Each structure stands twice: as structure tokens, then as C-alpha cells.
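Trainee: I have a chain to go through. Can we take it by question and answer?

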Amino acid sequence: MIRRLAALFAPLLLAGCLISDGDLVSPKEADYPVADGARFTVHMLNENGERADKTPEQARVTVKSGRYTMRTGEENKAFTGLMKEIGPDLYAVMIREEDQGQGNLYALMQRDGTTWWRWGMVCPDFVSLVEDEGMTLADFGMIVRNSDCVVTDFGNLKKALLFAHERQKPDAEYVAE
């Protein structure tokens with residue numbers, strides 16, 4: 001994996017993710033709150049919600065064929081995806097590497113003026129959070145497969161994202177340029 005990209009998405013790529021095998025959001029159902037051509041400075045956050053990176057990443061978001069494309073890193077790696085509003089200024093984000101034909105990763109984004117906060121939805125952290133509340137993944141319609149939390153429908157995805165939003169801090173800050 002590309003060094004800088006790995007730093008940006010390490011929590012998602014290395015520790016197990018919240019995933020689905022198919023799309024849980026379609027372009028017809030999607031919301032498009034980020035303008036075509038938007039640029040962001042991306043800061044990774046530590047467990048206290050403070051900026052933890054010495055050199056922030058740059059990201060550019062475009063819209064093509066009804067899907068977002070985010071390019072980031074020195075190698076200009078591309079991720080495509082869609083967003084769906086699940087609460088006031090809260091969005092479920094479905095992404096995949098541009099060259100990947102199926103399967104998605106999910107995150108939560110919260111808009112706060114020109115800043116967007118991201119919850120990366122790392123599976124082991126989510127499992128611990130659920131267990132701390134006396135619940136199981138089955139309460140969210142999920143199973144664990146190869147260290148990933150697999151969700152099969154949008155209703156359960158929304159439930160999981162809102163649950164995490166109430167109990168965790170964001171792991172990244174996207175500041176619009």
C-alpha cells in the first residue's frame with residue numbers, strides 16, 4: 001500500500017473494516033453534499049481528537065457518473081463512493097478503491113461548516129464498543145468475516161454509524177480549502 005495513503009486509511013485497511021459485499025447506497029438514493037472539485041487538507045486525529053500528523057494529506061473530490069471520486073496521496077490514489085444523509089449533517093459514506101469492482105468500506109462523516117469529521121469504523125473497536133454496551137453484532141445485523149464487520153442492509157448500517165457517533169471520537173478531520 002502506498003505509504004501516505006496507508007497513513008490516511010490505516011485504521012480502515014489494517015484493523016478490519018465495516019464492509020458490505022454489495023452497494024448499500026445507490027446513486028439514485030445518494031446525497032451530494034460535497035461540491036465537485038472540492039479540495040481538503042486531511043488531518044489524522046489521535047484518540048483524544050487532536051491532530052496527530054506532522055504533514056497533513058491533501059485530497060480532491062470530484063463527481064463523475066453519479067459517484068464521488070476522492071484522489072489523495074503522492075500517488076494520487078483514487079477511491080470512489082457515495083454519501084447518504086442519515087441525520088442532520090451526518091452522512092454514511094460508502095467507498096471502494098477505484099479499480100475494485102465490488103465490495104465497499106463504510107465510514108461516517110459529519111459536516112461542521114467547512115470542516116468534515118470522519119469516524120473510520122474499525123471493526124475490532126466497534127465490536128468492543130458494542131460489547132461494552134451489553135450488545136452483540138447481531139443487534140446490528142452484522143457478522144465478523146476475516147476481521148471485518150459485514151453489514152447487509154442500509155438500516156443496520158445507519159444504526160451502527162449512529163451508535164458509533166454517539167460513543168466515539170472522530171479519527172480524521174477534513175478541512176475544506
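Mentor: Ground rules first. This is a predicted model, where local features need pLDDT of at least 70, side-chain atom pairs count only at pLDDT 80 or more, and totals for chains, interfaces and linings use all residues. Residues are numbered from 1 along each chain as its sequence is written, and side-chain values use heavy atoms, with hydrogens and water left out.

Trainee: Which residues of helix H2 are buried?

Mentor: Buried means under 20% relative accessible area, exposed over 50%, and partly exposed in between (1.4 Å probe, protein chains only). Helices (H or I, at least four residues) and strands (E, at least two) are DSSP runs, numbered from the N terminus. H2 spans residues 123-132, and its buried residues are Cys 123, Phe 126, Val 127, Leu 129 and Val 130.

Trainee: Within what arc do the buried residues of H2 fall?

Mentor: The arc is taken from the directions from the helix axis to the C-beta atoms. Seen down the axis of H2, the buried residues line one face of the helix, because they fall within an arc of 160°.

Trainee: Which exposed residues does the face of H2 turned away from its buried side carry?

Mentor: Look at the face turned away from the buried side of H2. The exposed residues there are Glu 131 and Asp 132.

Trainee: How many salt bridges does a search of the whole structure find?

Mentor: Side chains of opposite charge can pair when their charged atoms come close. A salt bridge is a side-chain nitrogen of Lys or Arg within 4 Å of a carboxyl oxygen of Asp or Glu. Searching the whole structure gives 11.

Trainee: How many residues apart are Asp 21 and Arg 145?

Mentor: Asp 21 and Arg 145 form a salt bridge, with the closest N and O atoms 2.5 Å apart. Asp 21 sits in the loop between strand E1 (18-20) and strand E2 (38-44), and Arg 145 in strand E9. The pair links distant parts of the chain, and the separation is 124 residues.

Trainee: Is Arg 96 buried or exposed?

Mentor: Arg 96 meets Asp 23 in a salt bridge (2.5 Å, N to O). Arg 96 lies in strand E6 (residues 90-97) and Asp 23 in the loop between E1 and E2, so the pair ties together parts 73 residues apart in sequence. Asp 23 is partly exposed at 40% relative accessibility. At a relative accessible area of 10%, Arg 96 is buried.

Trainee: Which residues are linked with Asp 23 in a network of salt bridges?

Mentor: Start from Asp 23. The residues linked with Asp 23 in the network are Arg 67 and Arg 96.
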